[in-house]
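Trainee: Could you take me through one part of this model closely, strand by strand, and then show what packs against it? I would like the answer as one connected account.

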Amino acid sequence: MSRKLLRGAACLVFAPLCLGAAKAPGTKVSAVNLPVLHVQVILDHLGFAPGILDGKRGLSLTAALKGFQESRDLPVTGLVDEATLVELDKYQGLRATRTLRLSAEALSGPFVNPLPKAPAEQAKLTTLAYRSAMEKLAEMFHTTPAVLVALNSPDTPLRPGTPVVFPNAVPSSRDYAAKLPAAWRKTLSDLNVDAVQPQGTQVVVDKSDQVLRVLDAQGKLVAQFTATMGSEHDPLPLGRWKIQGFTYNPPFHYNPALFWDARKSAKEALLPPGPNGPVGVIWLDLSKPHYGIHGTPEPSTIGRAESHGCIRLTNWDAARLSLMIKPGTPAIFQE
């Protein structure tokens, strides 16, 4: 038997532990546009989040570029024009990808698969964890399983020691404040959230362009995140509010009376914490009752779906926001 066949046989034996195991049969994986991915990676590191790092152009990348351009006093075009390219070129040291060897810790669970959809069934679990190591790795590097397959191979085994190419979401520092709970520091590390963040004194949520902006004391834009906010049934609560506090790795009290689309037979339930919970890994409580800024179990839908009135970010962006502001920070919601 040839070496090539041996490699193929090994992947068949360990099929559940290969990158391709997360891809549905027959799914076509597109090549990743590395120049676009490089722009996304730079913006992500600088706090102008383009959503998931996937090497694709779209509304989230356009919004991120506009925020970056505004922060640098450049013409706000949403394009990688000449002036923007000159500014981005200062950060060429931030490579588009990093090749890292898988560790046992990165591959560790707990995992819950299948993950039930009904709140009553979710309430029976101890955690709403990732479904698989593949899903965990994708969120850790701010991307999707499909992108990991495209950057590597469906035959890449998910075993400790395996070299894997990831979008470069690796933080410059994991020196999180000692006052933060140990479990939350681990969550920040698992999400590759940098310990060094710009500091803001005000949050502005703009319904018109689906972004959350962080402003400093001088009113300068220092960070921006693509967000999902409100719907026809649960519109964004316009006005001036305050971010009262943070709940890390929160459980979720499911109250069907607050959800227009809940089944009539649905009952209240306390759902366990976890990255796949309804509010993800963090809840930033607003002064308006029942409203908050929070994470999500579906990062690829941010900016492309609707919410029940709250402001939804990717888990890593919501976690990062909590390092930029303090309880009591004003939050302005506007059209």
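**The sheet and its edge**

Mentor: In this predicted model, ten strands make up an open sheet with mixed pairing, in the order β1-β6-β5-β4-β14-β8-β11-β12-β13-β7. The edges are held by β1 (48-49) and β7 (228-229), and each of these has a single partner strand, so one side of each is left without a neighbour in the sheet. For β1 that partner is β6 (residues 221-226), to which β1 is joined by two bridges in a parallel arrangement, and within this pairing Phe 48 lies opposite Gln 224 of β6.

Against this part of the sheet packs helix α3 (residues 59-71), which touches β1, β5 (211-215) and β6, with a direction at about 175 degrees to that of β6. The helix has 13 residues and spans 18 Å from its first C-alpha to its last, close to the 18 Å expected at 1.5 Å a residue. Its buried residues are Ser 60, Leu 61, Ala 63, Ala 64, Leu 65, Gly 67, Phe 68, Gln 69 and Ser 71. To read such a list, recall that an α-helix has 3.6 residues a turn, so residues three or four places apart point the same way. The cover over the buried residues of α3 includes the strands β1, β5 and β6, and also the helices α2 (34-46) and α4 (82-88). After α3 comes Asp 73, which has a positive phi, near 55 degrees.

Moving along the sheet order, we come to β4 (residues 202-206), a mostly covered strand in which four of the five residues are buried.

Glu 135 has a relative accessible area of 17%, and because buried means under 20%, it counts as buried. Its side chain makes a polar contact of 3.2 Å with the side chain of Asn 276, and, leaving aside neighbours within four places in sequence, Glu 135 is in contact with Tyr 130 and Asn 276.

Notes: Residues numbered from 1 in each chain as written. Predicted model: local features only at pLDDT ≥ 70, side-chain atom pairs only at ≥ 80, totals over all residues. Heavy atoms only, no water. Buried < 20%, exposed > 50% of the residue type's maximum accessible area, 1.4 Å probe, protein only. Polar contact = N/O pair within 3.5 Å; in protein donor to acceptor, adjacent residues only side chain to side chain. Contact = heavy atoms within 4.5 Å. Pairing = 2+ DSSP bridges. Axes fitted to C-alpha atoms, helices over the stretch in contact; angles between N-to-C directions. Expected span 1.5 Å × (residues − 1).
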